[in-house]
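This report looks at the salt bridges of one protein model and at the parts of the chain that they join.

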Amino acid sequence: VSQSRYANIVELSSLDGVTGVDDSAVEDVWVVGSMRYGIMIGGTNGYSERNVLRRCVVRFDGSNSVEPKSGIVNYGATTGIEGARNNLILNCIAIDFNSADQASGEGVYAGFYNPHAATNIDMYGSISYKTKERGALLGEDNGSTSNDVYNSWFHFPNNKSNEGNI
């Protein structure tokens, strides 16, 4: 159990501001606790590409940080085209997001989240269950394109109803 209130638990990103993390595989990982992002690929400088997440599970136990919170994230720069690209998400699960003090922050965004310049992210056979706001938020903005979902299932309880959403 991790208590990384403002940070990410597993992060594949460019720490030096220039290069990214390429050609990595993260398999059979279980992340539980209070965090910003459970698993993040990307960064705001350089590229993180050709990475694979396989059979990874993220369960979020709440955080009162002011930043958005999500389970598995492919993240890019808000300007330009740097960030996560050409990555695979295979048979991953985001489950049971038990949000804490949401009034103090932006709240839980989604089980899976591809913001900004996340490009060519393919998701196969993944599940998002009980993730509060959205099962997946794969918006294509700021240069983000070609994000595809195959054979995946998303469920979230929103306003006391059961709905699916991408």
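In this predicted model, Asp23 and Arg50 form a salt bridge in which the closest N and O atoms are 2.8 Å apart. Asp23 sits in the loop between strand S2 (8–13) and strand S3 (25–27), while Arg50 belongs to the loop between strand S6 (47–49) and strand S7 (52–54), so the pair ties together parts that are 27 residues apart in sequence. Asp23 counts as exposed at 52% relative accessibility, whereas Arg50, with a relative accessible area of 41%, is partly exposed.

Arg50 also meets the side chain of Glu49 in a salt bridge, with an N to O distance of 3.3 Å. Glu49 is buried, its relative accessible area of 11% falling under the 20% limit for that class. Asp23, Glu49 and Arg50 are, together with Arg85, linked in a network of salt bridges.

Another salt bridge joins Asp28 to Arg55, whose closest N and O atoms are 2.6 Å apart. This pair links distant parts of the chain, with Asp28 in the loop between S3 and strand S4 (30–34) and Arg55 in the loop between S7 and strand S8 (57–60), 27 residues apart. Asp28 is exposed, with a relative accessible area of 52%, and Arg55 is partly exposed at 34%.

| Asp23 | Arg50 | 2.8 Å |

Notes. Residues numbered from 1 in each chain as written. Predicted model: local features only at pLDDT ≥ 70, side-chain atom pairs only at ≥ 80, totals over all residues. Heavy atoms only, no water. Salt bridge = Lys/Arg side-chain N within 4 Å of Asp/Glu carboxyl O. Helix = DSSP H or I, 4+ residues; strand = E, 2+ residues; numbered from the N terminus. Buried < 20%, exposed > 50% of the residue type's maximum accessible area, 1.4 Å probe, protein only.
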